[in-house]
Amino acid sequence: MRFLPDFREPKVAIVGFGWVGCCLGVALADRGLYVTGIDSNPDLVAELNAGRCRIAEPGLAEALEKLRDSSRLTFATGYDAIEDADVIVIAVGTPIAPDRSLVTAQLEEVCGELAPRLRRGQLVVVKSTVAPGTTRELVRPLLETGGLVQGEDFGLVFCPERLSEGNALSELCELPVIVGGCDPDSTQSATAFWKRVLGVPVWEYASPEVAEIIKLADNWWIDHNIAMANDLARLCDAFQVDVLEVISGANSLPKGNSHVNILLPSVGVGGYCLTKDPWMTWSAARGRGVRLETIETVRAVNDAMPAYTHDTIAAELSLAGWDPGRAKVAILGAAFKNNTGDLRSTPVKHVVDGLLAAGTTVSIFDPLADPDELRSVMGVEGTATLEEAVDGAHCLAVLAGHEPFQQLDFAALRERVSSPCLVFDGRAYYSRETIAELRRLGFGYRGIGR
């Protein structure tokens with residue numbers, strides 16, 4: 001391969017060792033490759049060198065510990081390792097500006113560091129999510145300022161990250177990799193690399209723009225699907241039917257090569273990707289004179305769910321005879337996704353803000369979230385125990401369906417809460433049997449669309 005060594009395993013440098021970079025680096029090192037993680041954050045690098053992992057991805061800390069005394073995975077704040085690397089993966093953050101356009105500052109800084117250090121025969125892989133055209137129109141010319149020519153001296157491809165938090169390490173070894181190269185040699189080299197090091201299927205495309213849009217289309221679809229589920233839940237609320245029954249029945253219909261696949265409603269959409277990538281897509285389209293109205297609508301629907309949640313809780317408290325301004329709500333789970341402690345752009349923040357604005361007393365318990373981060377994001381000190389959170393509560397709002405919250409002993413909790421007490425199901429999706437048991441114990445029950 002023109003941009004890949006034929007007779008030895010390639011050495012890899014990953015620039016940006018956050019969630020994406022760390023998961024990829026650990027997976028490659030675990031498979032025998034020599035990997036250097038480069039990050040501009042000296043505290044992060046110091047933690048990694050000391051064997052500590054701040055990223056709460058299942059299995060990641062254990063995998064890092066396993067590699068701690070191995071030379072296969074090293075960390076640095078500088079770029080000296082670039083010269084020895086055969087493959088350079090760029091995995092830095094790509095936020096959006098207030099006007100919803102892509103902020104390229106980190107990407108430009110990395111390219112500025114790489115350009116004078118690139119050598120002939122290297123393959124550069126962009127994994128950061130970007131707007132269409134960024135790899136070819138921004139990254140390529142910046143890398144060429146070092147004097148080498150893309151396609152002749154070094155390869156350049158876009159290979160989007162498509163992992164889901166909580167399943168990243170397993171998905172790295174299962175999901176197909178998308179490859180869009182700036183030239184045929186780059187595409188072929190990247191395809192050979194991913195097949196060799198991960199053993200996964202690779203889907204090749206003749207341009208980086210196709211691969212860039214594939215990534216954006218995936219998150220656009222997910223966001224759109226959740227918005228439909230959320231609107232469907234509001235419709236089911238109005239007719240007093242269970243949205244989960246409706247979704248189950250609707251999803252039984254064969255369509256195309258699969259089935260209708262409506263996702264589940266919740267208190268809102270959070271995280272780093274779904275709150276950002278659709279707007280990045282919208283902004284890129286606007287720059288070409290195209291208005292993507294579905295994105296405007298979908299974002300409005302999903303952004304409105306936290307308000308729908310705290311308004312519904314307040315209404316249910318009033319129906320139970322409690323003044324929302326004098327009531328206590330125990331928030332169980334603050335993360336944006338079940339079974340993670342990730343608080344980035346969590347919709348629970350807006351639920352808490354709405355309740356506090358109404359005068360409601362709020363306690364928060366999330367056993368997976370970092371206590372300092374929880375306090376910083378929510379503006380409320382988290383409780384150390386479940387019991388402390390629920391004492392005297394008029395509502396138990398399960399807003400992240402972590403595994404411990406699927407196994408709550410409601411009979412024991414009944415002795416600690418006020419009576420009557422509402423269980424609000426924001427993302428636990430309790431079964432009919434559990435709901436019946438809650439009512440037998442004297443709890444009220446209300447869910448999103450239930």
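Tutor: We'll take cavities, then salt bridges, then a surface patch.

Student: What kind of model is this?

Tutor: This is a predicted model: local features need pLDDT of at least 70, side-chain atom pairs count only at pLDDT 80 or more, and totals for chains, interfaces and linings use all residues. Residues are numbered from 1 along each chain as its sequence is written, and side-chain values use heavy atoms, with hydrogens and water left out.

Student: OK. How many cavities of 30 Å³ or more turn up?

Tutor: The search of the whole structure gives 2. A cavity here is a set of points, on a 1 Å grid over the protein atoms alone, where a 1.4 Å probe fits but cannot get out.

Student: How much space lies in the largest cavity?

Tutor: About 170 Å³. A volume is the space filled by probe spheres set on the grid points, which are joined across faces, edges and corners.

Student: Which residues lie nearest its centre?

Tutor: Lys-127, Pro-160, Leu-163, Leu-172 and Val-177, out of 15 lining residues. A lining residue has an atom within 4 Å of a point.

Student: Which helices and strands supply at least two residues each?

Tutor: Helices α1 (19-30), α6 (168-172) and α7 (184-198) do, and so does strand β7 (177-181). Helices are DSSP runs of H or I with at least four residues, strands are runs of E with at least two, and both are numbered from the N terminus.

Student: How does that lining divide by class?

Tutor: It has 11 nonpolar residues, no polar ones and 4 charged. Ala, Val, Leu, Ile, Met, Phe, Trp, Tyr, Cys and Pro count as nonpolar, Asp, Glu, Lys and Arg as charged, and the others, Gly among them, as polar.

Student: And what lines the second largest cavity?

Tutor: The lining includes Val-243, Leu-244, Pro-265 and Tyr-429. By class, there are 5 nonpolar, 1 polar and 3 charged residues. The volume of this second largest cavity is about 40 Å³.

Student: New topic. How many salt bridges are there?

Tutor: The count comes to 30. A salt bridge is a side-chain nitrogen of Lys or Arg within 4 Å of a carboxyl oxygen of Asp or Glu.

Student: What does Asp-185 pair with?

Tutor: Asp-185 forms a salt bridge with Arg-2, and their closest N and O atoms are 3.0 Å apart. The pair links distant parts of the chain, 183 residues apart. Asp-185 is in helix α7, while Arg-2 is in the segment before β1 (12-15).

Student: How accessible is Asp-185?

Tutor: Asp-185 is partly exposed, at 26% relative accessibility. Arg-2 is partly exposed too, at 46%. Buried means under 20% relative accessible area, exposed over 50%, and partly exposed in between (1.4 Å probe, protein chains only).

Student: Where do Asp-353 and Lys-349 lie?

Tutor: Both are in helix α13 (residues 348-357), 4 residues apart, about one turn of the helix.

Student: Last one. Which residues make the nonpolar surface patch?

Tutor: Leu-235, Phe-239, Val-241 and Val-246 make a patch of about 360 Å². Patch residues have over 30% relative accessible area and no salt bridge; like charges are joined within 9 Å, and nonpolar side chains (Val, Leu, Ile, Met, Phe, Trp, Tyr) within 5 Å. Accessible areas come from the Shrake-Rupley method with a 1.4 Å probe, and for residues only the protein chains shown count as cover.

Student: Where is Val-246 found?

Tutor: Val-246 is in helix α9 (residues 243-250). Val-246 is partly exposed, with a relative accessible area of 32%.

Definitions and conventions
On a 1 Å grid over the protein atoms alone, a cavity is a set of points where a 1.4 Å probe fits but cannot get out, and a pocket is an open set with protein on both sides within 12 Å along at least five of seven lines; lining residues have an atom within 4 Å of a point.
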